[in-house]
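Have a look at the model first.

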Amino acid sequence: MNFYNLLNELAVMDFRSHISKIIRNTLLGLLFMAIVSSCLDKIDLQAPGGISEDVVVEAKLVKSNPSTISVNITRLFNFDGFSNQVTAKTVMLESDDGSSMEVRRVGDGVYRSEITDELEIDYGRGYRIKLLLQNQDLIESDYDTLQRVRKGNTLTAIKGTKLIEDDFGDIRERPNMRYILKSYLTDDKETKIHWEVIRDFKFTDLLVNRRFEIIPNKICYVTENRGLLDIRVLDPKVVNLSSDLYQQEIIEEEIDYQYAEGYNLTVVQEAITEKTYNYYNEISKVVVRTGNMFEEPAGKIRSNMTNLTNPDSEIFGMFYTADHDTIRLFISREQAGNPDTVCFRPVPPFGQSPCRFAIAECCDCLTFDVSTTQKPAFWKGE
Amino acid sequence: MKKLNLLFHIVILAVCSVGYAEAQTKAEVLITGEYTNVPIEQVLDQLESQYDIDVFFKKDELPDKMLTGSYTEMPLNEFLSSVFSRTATGFFIYRDTEVIIVPRQLVDEVYSAKYYQALEGSQEEEEVAVSAEENPTLMVGSLDQLSPTGKATVTGVLIDAQSNEEIIGATINWPEQGVATVTDEFGKFSATLEAGTHDMVIEYLGYQDLRKQMNIQSDGSINLELFKEAVSLDEVTIRGRSADASVDNVQISVATIDVKTIKKLPTFLGEADVIKSLLLNPGVSSIGEGATGFNVRGGEVDQNLVLQDEGFLFNSSHALGFFSTFNTDMINKVDLYKGNIPAEYGGRLASVMDVEMRNGNDEEFDMKGGVGPVSSRLLIEGPIIKNKTSFLIGGRASYTDWILKQIDVLEVRNSSATFYDLNARINHKFSQKHNLTLSGYFSKDEFSFNNEFGFDYSTVLGEASLRSILTDKLYSKFSVTYSKYASTQIDLNGNDMSSLDIDISYLKIKEDINYDISEKLKFNVGGEGILYTTEPGILEPTDASSIIQGVTLDQENGLEAAVYGSAEVNLTDALLISAGVRMSLFQFLGPATIFSYEDPENPTTNTITGSELKEGTISTYSNLEPRFSARLKLSENGSFKAGYSRTAQYFNQIFNSDSPTPSSQWQLATPYVKPNLSHNFSAGYFHNLKDNNWETSFEVYYRDIDRLFDYRDFAQLIANEHIETELLSGIGRAYGAELSLKRKLGTWNGWLSYTYSKSERQVLGINRGDWYSSNFDKPHDFSLILNFNPNQRHTLSFNFNYSTGRPTTPPIGNFETSTGLVVPIYSERNEVRIPDYHRLDVAYTIGQGYKKNAKFKTSVTFSIYNLYGRKNAFSVFFTQGAFNRAQANRLAVLGSAFPSVTFNFEFL
């Protein structure tokens with residue numbers, strides 16, 4: 001039957017007598033198809049790249065005892081490589097009272113000094129950095145005023161469960177830990193708050209002896225900047241609080257192997273200026289993108305640094321001052337509900353290395369990005 | 001002797017038609033006689049009696065003279081010349097059989113051969129018509145009223161024979177005369193033709209053709225009726241409002257969408273959609289699937305005036321943009337003015353989408369509806385007082401939730417998306433000349449995602465309009481409209497539990513008067529006033545634990561007023577000009593808090609110097625907006641058109657995302673947010689072929705936007721009390737060429753359109769002040785619609801679209817913070833393009849049965865949207881991939897084929 005004949009046959013068909021059959025066999029089957037599930041996948045689309053000459057300065061003055069200044073100078077890196085450090089001729093820290101000090105070079109593009117008598121670090125005082133690059137470009141930051149952070153902030157953990165959808169689409173309960181941070185906001189509402197969340201966990205890798213027995217080998221302490229993409233800043237002016245105590249769930253996570261030998265959560269609460277607050281806010285808008293139709297467009301992150309020699313040259317990064325309070329909470333294996341370790345090294349076939357068949361970190365826990373066998377001073381567990 | 005007034009012409013013609021064959025030549029008659037002081041009237045009576053001559057005259061036109069003289073075998077001509085010498089009276093011998101006595105001036109100057117030929121033809125046709133009882137000739141006017149030029153202007157109203165509803169946009173054609181006219185929004189028409197009997201043809205989609213003879217004897221009016229086709233849904237031909245309207249009309253850049261065509265196009269989830277149909281026209285595009293609204297010739301979504309009768313809508317989308325708010329069963333006609341906007345419209349820069357709703361049937365009850373996979377619709381209409389008052393109620397409702405529950409994604413299962421809308425309309429005819437319409441519209445959308453956030457928005461629109469035909473040439477439309485759009489955005493999660501409310505309402509009063517002096521000269525004047533009230537943002541915490549601090553922005557008020565006038569002048573048969581002007585004025589009214597800045601031309605948050613609560617009129621803007629269009633007919637089937645319009649827009653929707661959200665606020669022009677302005681130029685050649693069955697057109701356009709705004713990077717737009725600090729002022733330009741080819745009738749029919757266009761902006765503070773592409777700049781845009789109609793009942797439709805990917809802003813590098821966070825650095829705005837878009841849809845419609853008298857009729861449409869499952873990118877965004885590489889990610893809103901079936905029914 002050719003196409004025209006088919007259409008002619010359809011033309012004489014009494015539609016109504018067949019409607020129920022059509023509905024039963026065709027319509028309902030179609031309706032159950034996915035309706036609103038959108039589709040997200042990776043594609044090949046070349047980003048332009050090619051701006052690796054611009055300089056990035058990340059610098060931070062922390063009031064402590066002693067206070068420290070750290071400066072990291074790099075170039076932007078495109079998508080074919082990694083960051084290149086930039087060595088400056090001089091890096092100076094200046095106070096708005098006119099005093100200044102040179103920041104010491106401790107590596108390529110890395111400068112760090114403890115601030116002793118040369119400079120007074122006081123709340124309400126402005127500080128800036130000045131860099132002279134090898135090409136004689138003079139880079140200067142705006143003054144950033146040191147804000148005071150309030151101490152006495154507390155961190156508590158609540159163990160519970162959460163419903164999640166597993167890889168097979170089934171709903172199941174998952175043990176989780178919720179961390180609640182109670183923060184005292186600043187006295188001055190112009191001051192903004194920034195939180196950094198770091199976790200450390202103990203991890204023991206394993207060894208298979210000649211008898212194919214699995215035995216503990218070495219202990220590592222692994223550090224991760226938790227929620228790196230989830231930048232947490234707060235402007236006390238735009239929140240509705242009945243008191244100056246601000247409570248938030250700073251993190252929620254599954255209880256997994258990281259809790260198997262001991263776990264420490266550290267929250268660093270920093271008092272920052274509005275410019276720094278905007279800087280973090282802008283970063284948070286560009287590091288996590290979803291492409292949905294209501295998403296705000298990406299933009300260029302504003303820096304508080306200027307190239308005085310060549311004003312057309314863009315400088316990225318930020319110099320800021322911070323006063324901070326460090327809050328820590330240790331969770332033992334028992335407190336976490338005795339979760340299992342992830343390392344069950346299989347016994348390999350004769351003549352083959354067991355590590356071919358195991359998680360790499362279980363063979364050598366120093367494989368973690370930031371890990372050490374030195375027990376941190378703050379570690380409360382064994 | 002016969003004493004006649006001008007009615008004598010009827011007799012003349014009767015005599016003419018009967019006596020022509022055997023008549024001797026009167027001019028050859030020889031007159032002999034003696035006259036002594038004989039009155040002229042008596043002389044003429046003697047001529048009739050003695051020589052069997054028919055003499056026609058009006059007594060009061062005869063000279064006050066006595067004839068004295070002796071005549072011997074003097075030819076009639078010479079005799080009459082002698083009789084009327086030295087008088088103001090003349091004569092002539094008509095067709096050598098009758099003598100006509102008239103004032104000499106008329107003989108010499110006015111009474112043309114055409115006049116008499118017309119009279120003759122009219123009489124002959126009249127006699128023929130009398131015998132044709134089944135199709136009697138339509139009589140217009142009276143011969144005694146016929147203009148000396150032999151031409152007559154026919155006016156009237158074309159109505160639906162069943163519902164008595166005026167039919168808009170139908171072509172009335174007198175092919176022998178080469179004259180055609182189109183009924184206006186009142187169903188009125190006007191055409192000037194030569195007197196006589198002519199074939200008349202009226203074609204209108206969904207109605208039986210009306211072919212009649214019309215005997216035109218003088219200026220006059222006549223009401224005409226069209227009957228609906230018995231199998232209207234099976235009508236396979238696409239016959240527009242006018243067979244040659246695309247060539248004849250003076251207006252350039254107008255797309256008229258036929259509702260029947262809309263219903264046969266492939267649909268997304270079975271919902272026929274006016275706006276998606278508009279996208280198939282050249283120069284009309286959208287950001288992507290699921291985006292709200294549409295873009296016309298490089299204009300923003302909020303630069304389109306979307307009219308539903310006289311009221312305009314702020315949000316014409318359901319389900320965040322997947323469907324439009326228009327119920328196609330309610331629509332009479334849709335016109336889209338793409339840049340060359342008539343003077344009666346204003347307030348938007350880019351386009352006017354004029355959706356004309358229809359009235360109910362005032363003779364009999366009718367019910368129709370449709371059932372689709374995600375929504376259903378029902379419409380009921382009928383008389384309240386037969387032939388006088390009708391009602392029409394139509395509604396749609398969605399039921400997507402049951403489908404969402406079937407999807408194996410927890411977040412989707414926990415989501416909800418529903419909408420409904422309701423139209424109600426009462427139409428009352430006080431008389432044939434006065435018509436009152438009361439209409440109401442309500443729509444509501446509710447959307448929530450995974451109990452995390454949601455939108456809830458609604459539109460209310462009420463309208464009363466009185467249409468009056470004051471004289472045959474003068475008619476008016478007075479309307480009062482009130483509308484309110486309200487939206488709530490709800491955050492249901494975490495410490496941010498809050499709601500954001502915005503709304504905008506207006507009261508509009510408009511008077512529009514048309515005065516058709518003649519077929520060659522028509523005027524349109526009017527005025528309107530719109531009072532706006534907006535709540536730009538109320539942000540409130542919705543839970544005691546929420547940290548969101550409530551913000552309530554000041555209510556804003558504004559008054560937009562305009563007067564306009566335009567004239568359409570037919571200078572020659574070929575040259576038709578429409579010129580007009582619109583004078584618009586906008587006042588931003590207090591009370592309102594106005595901030596002051598160090599540099600008022602560049603307001604920023606860091607340069608605020610204070611604020612003040614102001615009352616009364618805070619700022620005033622006015623603009624003179626000329627509108628012009630011309631058509632030069634180069635041949636019977638081809639014309640060149642050009643147009644220019646100046647447009648001003650006094651309020652905008654504030655959004656910097658790809659698509660506005662339902663909660664994007666509407667911002668009136670303030671002392672800092674100035675109105676947007678644009679010059680719009682267009683020109684094109686239009687050519688029809690094969691008896692107007694093929695329509696072709698080629699248009700070029702240029703828009704010079706001399707004031708617009710864009711947004712600073714990371715602009716904070718929600719509940720911002722000094723929104724001007726987030727805006728940057730600039731200019732824009734859009735230009736392009738549009739090609740269209742359409743075949744209206746035939747087994748294979750459809751249309752093809754291609755657009756090449758650019759849309760760019762230049763804003764100080766963005767991209768170093770250089771020109772950059774707007775978000776909706778898509779240089780190549782191609783659409784092909786192909787319909788296969790093997791017979792009247794079945795239609796197979798294909799729809800293919802291709803367009804260049806729109807611009808996006810990619811990262812061009814990274815840096816790493818001390819905490820190890822890799823931060824992307826983005827390029828200048830809109831530097832690269834997302835992948836091109838293409839999609840094929842197919843639909844198969846089995847129309848209503850052939851039984852004309854069936855009380856229950858059904859039709860069904862099978863449709864597959866995105867047949868080959870193309871994953872068209874709505875957007876592309878970049879994430880950090882392995883080795884710090886930028887990984888492009890594509891978000892395809894619709895990533896697969898979407899089949900649907902829609903079942904339509906109608907009870908008569």
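Q: Why is E314(A) called partly exposed?
A: E314(A) has 25% relative accessibility, so it counts as partly exposed. The scale calls a residue buried under 20% relative accessible area, exposed over 50%, and partly exposed in between, with a 1.4 Å probe and protein chains only.

Q: Before going on, what kind of model is this, and how is it numbered?
A: This is a predicted model, where local features need pLDDT of at least 70 and side-chain atom pairs count only at pLDDT 80 or more, while totals for chains, interfaces and linings use all residues. Residues are numbered from 1 along each chain as its sequence is written, chains are lettered from A and ligands numbered from 1 in the order in which they are written, and side-chain values use heavy atoms, with hydrogens and water left out.

Q: What makes R768(B) and E314(A) a salt bridge?
A: Their side chains meet at 3.6 Å, N to O. The term asks for a side-chain nitrogen of Lys or Arg within 4 Å of a carboxyl oxygen of Asp or Glu, so the pair qualifies. R768(B) sits in the loop between strand 44 (748-763) and strand 45 (771-773) of chain B, and E314(A) in the loop between strand 19 (305-307) and strand 20 (315-331) of chain A, so this pair joins two chains. Strands here are DSSP runs of E with at least two residues, helices are runs of H or I with at least four, and both are numbered from the N terminus.

Q: And why is R768(B) called exposed?
A: Its relative accessible area is 60%, so R768(B) is exposed.

Q: How do you know that K192(A) and D235(A) also form a salt bridge?
A: The side chains come to 2.9 Å, N to O. K192(A) lies in strand 14 (residues 192-208) of chain A and D235(A) in the loop between strand 16 (232-234) and strand 17 of chain A, so the pair ties together parts 43 residues apart in sequence.

Q: Are those two buried or exposed?
A: K192(A) has a relative accessible area of 0%, so it is buried. D235(A), at 8%, counts as buried too.

Q: What does the salt bridge between E252(A) and K162(A) link?
A: The side chains meet at 3.6 Å, N to O. The pair links distant parts of the chain: E252(A) is in strand 17 of chain A and K162(A) in strand 12 of chain A, 90 residues apart. E252(A) is at 22% relative accessibility, so it counts as partly exposed, and K162(A), at 39%, is partly exposed as well. Over all chains, the structure holds 55 salt bridges.

Q: What makes strands 12 and 17 of chain A edge strands?
A: Strand 12 (154-165) and strand 17 (245-254) of chain A each pair on one side only. They belong to an open sheet of three strands in the order 12-13-17, with antiparallel pairing. Pairing takes at least two DSSP bridges between two strands, and strand 12 has twelve to strand 13 (residues 171-184) of chain A.

Q: Why is E310(B) called buried?
A: Its relative accessible area is 10%, so E310(B) is buried. The residue lies in the loop between strand 17 (304-308) and strand 18 (311-312) of chain B. Leaving out residues up to four places away in sequence, E310(B) touches E463(B), K477(B), S479(B), T481(B), K508(B) and K510(B), where contact means heavy atoms within 4.5 Å.

Q: How do you know that strand 28 of chain B pairs with strand 27 and strand 29 of chain B?
A: Strand 27 (residues 434-449) and strand 28 (residues 453-469) of chain B run antiparallel and are joined by 16 bridges. For strand 28 and strand 29 (residues 474-491) of chain B, also antiparallel, there are 17 bridges. Strands 27 and 28 of chain B form a hairpin with three residues between them, and N450(B) in the turn has a positive phi of about 50°.

Q: How do you know that the span of helix 2 of chain B agrees with its length?
A: Expected span is 1.5 Å times one less than the number of residues. Helix 2 (residues 40-51) of chain B has twelve, so it should span 16 Å, and its end C-alpha atoms are 16 Å apart. Just after this helix, D52(B) takes a positive phi of about 55°.
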